[in-house]
Amino acid sequence: MKICNFCMSLTIVLVMITNINMVVSKRHIPTTLDGPFKPVTRRFDSSLRRGSDDLPMTHPRLKMNVTLNFPEQIALAISSPTSMWISWITGKSQIGLNVTPLDPASIGSEVWYGKKSGKYTNVGKGDSLVYSQLYPFEGLLNYTSGIIHHVKLEGLEPGTRYYYKCGDSSIPAMSQENYFETFAKPSPKNYPARIAVIGDLGLTSNSSTTVDHLSYNDPSMILMIGDLTYANQYLTTGGKGASCFSCAFPDAPIRETYQPRWDGWGRFMQPLTSKVPMMVIEGNHEIEPQADGITFKSYLTRFAVPAEESGSKSNFFYSFDTGGIHFIMLGAYVDYNKTGAQFDWLKKDLQNVDRSVTPWLVATMHPPWYNSYASHYQEFECMRLEMEALLYQYRVDIIFNGHVHAYERMNRVYNYTLDPCGPIYITVGDGGNIEKVDVDHADEPGKCPSSGDNIPEFGGVCHSNFTFGPAKGNFCWKKQPEWSAFRESSFGHGILEVVNSTYALWTWHRNQDSYKENAVGDQIYIVRQPELCFKDSKLQDSQQSLPHSAASSHLSQDLSIIISQLIIGVLLIYGLYSHVNQIRFKD
Ligand SMILES: [Fe+2]
């Protein structure tokens, strides 16, 4: 009996220690104030696949499932706090040697909308257009799109749910009812609940896991950071066609894209984008050169962006506000030099930001400037040299990137030097496209790229050895760079939840954790420090703390973990006690 009591006591102590350890290790969320962090690498889990096949065009999520003239591929985009773009496509695209563009005037662009379901008190009207992707070369196919409609709904009330149908009522061919919610007006007290951040999504089995996972996370808006469909690789790496473009089409002077993938992608995204605005920026896979030197035709025609609304003359770069966040979408595949139109626009846009209204400043561009993977290493160094100082001067808080097919979160950095007022850079090019997840790091033996690698598809080449710091004299570091806080080769997406003008919770969700409650790949509070980083006293708003509600939500999760662990503990004790009694009885 004495042994039994000892066993029970030991078990209770062990269970309690386990509980405390699990709670402490599971629920502590670090903040950037705890940084700079010692670099951490979590390697690719070899039990997972590094890639997956493209979904076929016959897949139910890609197939056209409306009758002709009815809207499909419905998508929302923010225009301003009081206006929203609604876009959709009607009619059938064509692909073949000879294609005839549809007449955009043959079908109207109407949106009926109102604040009550089924009661549409307003009608918005807009424009429609088509585009063609032409390859007048032997063996290649031409494409012309369905009719692409864009309607801007204006005069909306902030923070309000609207129900809408789109289409042409004269046919009649209107969509089913959908709804969306406008964001609260710009203010340091108002923030979207959850902002999903995705890059390099594609249209594979992995892409569908990513989209299902982020839909489950119930985003309020989506930042789509370039390389959307990979339509330019479907005929080779993605489809069942050629193993390589040059061997299948040796005489083709241009690489053919398979534009129907864009239509499949629009259908694939519609369940999400018809309710949640998606803000896009171009990646290299959107360039899609065609005859006569025309590029970016699909990207520019399909997506409405608030360029004009933000004083930009180009859909390749623009800005917008959602609550107390000012977003700047930068183009890496158009002129980014100090002498160019984009830089000039960026300067004016930054000057016009009122941080007392929108304290948070978030920028995105497709390729990362800070990247320790071998893939795309130093590829956009020229862009960094042109623009980094300006973004630093205006104290941009976070910069999201894609392009590299893996995850990486940086320590606060400026000019390759740890800096408490530098932005937090985060790479999320891990959406799950047809190319495999990147696993090699430039700092590993034999993995440092040569100067001939990673040539950008636009702009100059500025590869150079470091002239200062721990890697001085070398092109690559000998270990994970100090500015790289955490990196992991895995597919996933991120969610940004801005809590107040000081705190924002960033969570990276890995695809393999889709079915695990409360599992996160990486999580951190990004904390602004205006008192430290702004010389202008007007912008030195006082530091806010993490509100009680955020802290208590973590506490309730902690309690649920404690209770569940205690139940397991009691069961273990009961089992051990029964076992001991059985032994005694046998004896
Ligand atoms: Fe890319």
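Hi everyone. Two strands pair if DSSP finds at least two bridges between them, and strands here (E, at least two residues) and helices (H or I, at least four) are DSSP runs numbered from the N terminus. Please keep in mind that this is a predicted model, where local features need pLDDT of at least 70 and side-chain atom pairs count only at pLDDT 80 or more, while totals for chains, interfaces and linings use all residues. Residues are numbered from 1 along each chain as its sequence is written, and side-chain values use heavy atoms, with hydrogens and water left out.

Let's start with strand E14, residues 195–198. With strand E26 (residues 492–498), E14 pairs in the antiparallel sense over three bridges, and Val197 has Gly494 as its bridge partner there. Strand E15 (residues 221–224) runs parallel to E14, and four bridges join them; in E15, Met224 is the bridge partner of Ile198. To get from E14 to E15, the chain goes through helix H2 (residues 205–216) in a right-handed β-α-β crossover, meaning that, with the strands pointing away from the viewer, the path from the first strand over the helix to the second runs clockwise.

Is E14 covered on one side or on both faces? Both: Ile195 and Val197 on one side, and Ala196 and Ile198 on the other, are all buried, which means under 20% relative accessible area with a 1.4 Å probe, protein chains only.

Now the metal. The iron ion has protein donors Asp227 (OD), Asn284 (OD1), His366 (NE2) and His403 (ND1), lying 2.1 Å from it. Donors are N, O and S atoms within 2.8 Å of the metal (3.2 Å for Na, K and Ca), and water is not among the atoms, so sites may look incomplete. Asp227 sits in the loop between E15 and helix H3 (234–238) and His403 in the loop between strands E20 (398–401) and E21 (407–410), so this pair ties together parts that are 176 residues apart in sequence. Asp227 is buried at 1% relative accessible area, and His403 is buried too, at 2%.

On a 1 Å grid over the protein atoms alone, a cavity is a set of points where a 1.4 Å probe fits but cannot get out, and lining residues have an atom within 4 Å of a point. The whole structure holds three cavities of 30 Å³ or more. Nineteen residues line the largest cavity, and the closest to its centre are Gln73, Ala75, Ser87, Arg302 and Phe303. Helix H5 (260–273) is among the elements that each supply at least two lining residues; the largest share, six residues, comes from H5.

Methods:
Buried means under 20% relative accessible area, exposed over 50%, partly exposed in between (1.4 Å probe, protein chains only). On a 1 Å grid over the protein atoms alone, a cavity is a set of points where a 1.4 Å probe fits but cannot get out, and a pocket is an open set with protein on both sides within 12 Å along at least five of seven lines; lining residues have an atom within 4 Å of a point. Grid points are joined across faces, edges and corners, and a volume is the space filled by probe spheres set on the points.
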